[in-house]
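Colleague: Can you walk me through this one? Keep it short and plain, please.

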Amino acid sequence: MDQMSLTVTQVIQAILAPAVMISSSGLFFLGLNARQSSLLNRIRLLNNERRIIAKELMHQGQFDSGEDIRFLSLEHQLNNLLRRAWYVRNSTLCDTLAVVFFVLTSFAIALHFFMGITFLAQLPIFLFITGMFLVLVGVICLAIDEVIAYSVILLEVQDKQAVGFNLFGRLSEPNQGEQSKI
């Protein structure tokens, strides 16, 4: 093999190296997209339930204790779900921008090799590290979303405990210990 073909082979390998990150970012994006869809559907369902309860309040003039607890729980859950949606959106944006930087890395490597412009020598490294940083920020946003997701589940469970449904689905009075948790 002559020196030129070896160099071209190395350049092609270098250009394709960011493709691994593009592929992994694509898989990460698929997971984020599924998470975002499920999250937005949950927000729509809870918001609809909140509207129905609010309409009953306007019709009846007041809530019973179970509806009041559920309405407050829905408000808390919706606030937390909106925060989660914000973090998932930020994670998705970071992942998308990371892909852009990985593609630009491949172009910068090719331009440096074929045009021989010396100031482009450091550009691919800068672009690649920026892409990796964006992936890191996206993963951090996803971790924060996980923490918030757990608090939303706790709100839902506390709501059910506060209303005090027994095994047969009938409403029982909440005891003092359960009320103090809310």
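Modeller: Here is a short tour of salt bridges, cores and ring pairs.

Colleague: What kind of model is it, and how are residues numbered?

Modeller: It is a predicted model, where local features need pLDDT of at least 70, side-chain atom pairs count only at pLDDT 80 or more, and totals for chains, interfaces and linings use all residues. Residues are numbered from 1 along each chain as its sequence is written, and side-chain values use heavy atoms, with hydrogens and water left out.

Colleague: Okay, salt bridges. How many are there?

Modeller: The count comes to four salt bridges. A salt bridge here is a side-chain nitrogen of Lys or Arg within 4 Å of a carboxyl oxygen of Asp or Glu. Side chains of opposite charge can pair when their charged atoms come close.

Colleague: Which residue pairs with Arg 35 in a salt bridge?

Modeller: Asp 145 does, and the closest N and O atoms are 2.4 Å apart. The pair links distant parts of the chain: Arg 35 sits in helix H1 (residues 3–60) and Asp 145 in helix H3 (residues 123–163), 110 residues apart. Helices are DSSP runs (H or I, at least four residues), numbered from the N terminus.

Colleague: Is Asp 145 buried or exposed?

Modeller: Asp 145 is buried, because its relative accessible area is 0%. Arg 35 is at 23%, so Arg 35 counts as partly exposed. Buried means under 20% relative accessible area, exposed means over 50%, and partly exposed is in between (1.4 Å probe, protein chains only).

Colleague: What else forms a salt bridge with Asp 145?

Modeller: Arg 84 does, at 2.5 Å from N to O. Asp 145 lies in helix H3 and Arg 84 in helix H2, so this pair ties together parts 61 residues apart in sequence. Salt bridges that share partners join Arg 35, Arg 84, Asp 145 and Glu 146 into one network.

Colleague: Tell me more about Arg 84. What does it touch?

Modeller: Leaving aside neighbours within four places in sequence, Arg 84 is in contact with Arg 35, Leu 39, Asp 145, Ile 148, Ala 149 and Val 152. Contact means heavy atoms within 4.5 Å. Arg 84 has a relative accessible area of 12%, so Arg 84 is buried. The C-alpha atoms of Arg 84 and Ile 144 are separated by 8.1 Å, though the two are 60 residues apart along the chain.

Colleague: And Arg 50, what is its salt-bridge partner?

Modeller: Glu 75, with the closest N and O atoms 3.2 Å apart. Arg 50 is in helix H1 and Glu 75 in helix H2, so the pair ties together parts 25 residues apart in sequence. Arg 50 counts as partly exposed because its relative accessibility is 26%. Glu 75 is at 25%, so Glu 75 is partly exposed.

Colleague: New topic. Where is Gln 77?

Modeller: Gln 77 is in helix H2 (residues 65–115). Its relative accessibility is 0%, so Gln 77 counts as buried.

Colleague: Which side chain does Gln 77 make a polar contact with?

Modeller: That of Arg 42, at 3.5 Å. A polar contact is a pair of N or O atoms within 3.5 Å; within protein, one must be able to donate a hydrogen and the other to accept it, and residues adjacent in sequence count only if both atoms are side-chain atoms. Not counting residues up to four places away in sequence, Gln 77 also touches others, including Leu 46, Val 152 and Leu 155.

Colleague: How many residues are in the largest nonpolar core?

Modeller: The largest has 14 residues, and Leu 39, Ile 43, Leu 46 and Leu 81 have the most contacts inside it. H1, H2 and H3 each supply at least two residues of this core. H2 gives the most, with seven residues. A nonpolar core is a set of buried Ala, Val, Leu, Ile, Met, Phe, Trp, Tyr and Cys residues joined through side-chain atoms within 4.5 Å.

Colleague: Last one. How many aromatic pairs are there?

Modeller: A search of the whole structure finds two. Trp 86 and Tyr 87 form an edge-to-face pair, 4.9 Å centre to centre with 85° between the planes. Phe 102 and Phe 128 have ring centres 5.4 Å apart and planes at 50°, so that pair is tilted. Rings of Phe, Tyr and Trp (its six-membered ring) pair if their centres lie within 6.5 Å; planes under 30 degrees apart count as stacked, over 60 as edge-to-face and the rest as tilted.
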